[in-house]
Amino acid sequence: LFRTQFRFTAIRAHALLQQTDLSVTEISVGAGFGSLEHFCRLYRRAFGCRPRDDRRQSVGAPVLRRRA
């Protein structure tokens, strides 16, 4: 159950990183994580990169970036 819940949360966090200007901290807190480090560790496990690196890759992509 936890793995399924985190997968859904990770996919949502990934979308927020790509489509909004929310900080990684704001996204992790909004996802219910009390620890930024724990969120980043699980995110890296799920996607193979750190959240901030994922955001840097997406900055050049043609995605509408909005404040959520």
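Student: Taking helices as DSSP runs of H or I with at least four residues, and strands as E runs with at least two, both numbered from the N terminus, in what order do the elements of the protein chain run?

Tutor: They run α-α-α-α from the N terminus on, with four helices and zero strands in the chain. This is a predicted model, in which local features need pLDDT of at least 70 and side-chain atom pairs count only at pLDDT 80 or more, while totals for chains, interfaces and linings use all residues. Residues are numbered from 1 along each chain as its sequence is written, and side-chain values use heavy atoms, with hydrogens and water left out.

Student: Where is confidence lowest, and where is it highest?

Tutor: In terms of pLDDT, the predictor's confidence in each residue from 0 to 100, helix H4 (residues 51-59) is lowest at a mean of 77, and H2 is highest at 92. The chain as a whole has a mean of 79, and 79% of its residues reach 70 or more.

Student: Which residues stay under 50?

Tutor: Residues 62-68 do, and the model has 18 contacts for them beyond four places in sequence, a contact being heavy atoms within 4.5 Å. Where pLDDT is low, the predicted coordinates should not be read in detail.

Student: Switching topic, which residues make up the largest nonpolar core?

Tutor: It has 12 residues, among them Phe-6, Ala-10, Leu-17, Ile-27, Phe-33 and Tyr-43. Such a core is a set of buried Ala, Val, Leu, Ile, Met, Phe, Trp, Tyr and Cys residues joined through side-chain atoms within 4.5 Å, where buried means under 20% relative accessible area, exposed over 50%, and partly exposed in between, using a 1.4 Å probe and protein chains only.

Student: And which element gives the largest share of that core?

Tutor: H1 does, with five residues; the elements that give two or more are helix H1 (2-19), H2 and helix H3 (36-47). Ala-10, one of the core residues, touches Tyr-43, Ala-46 and Phe-47, leaving out residues up to four places away in sequence.

Student: What about Ser-28, buried or exposed?

Tutor: Ser-28 counts as buried because its relative accessibility is 2%. It is found in helix H2 (residues 24-30), and beyond its neighbours within four places in sequence Ser-28 is in contact with Phe-33, Leu-36 and Phe-39.

Student: How does Ala-15 count, then?

Tutor: Ala-15, in helix H1, is partly exposed, since its relative accessible area is 21%. Its C-alpha lies 9.9 Å from that of Arg-55, a residue 40 places away in sequence.
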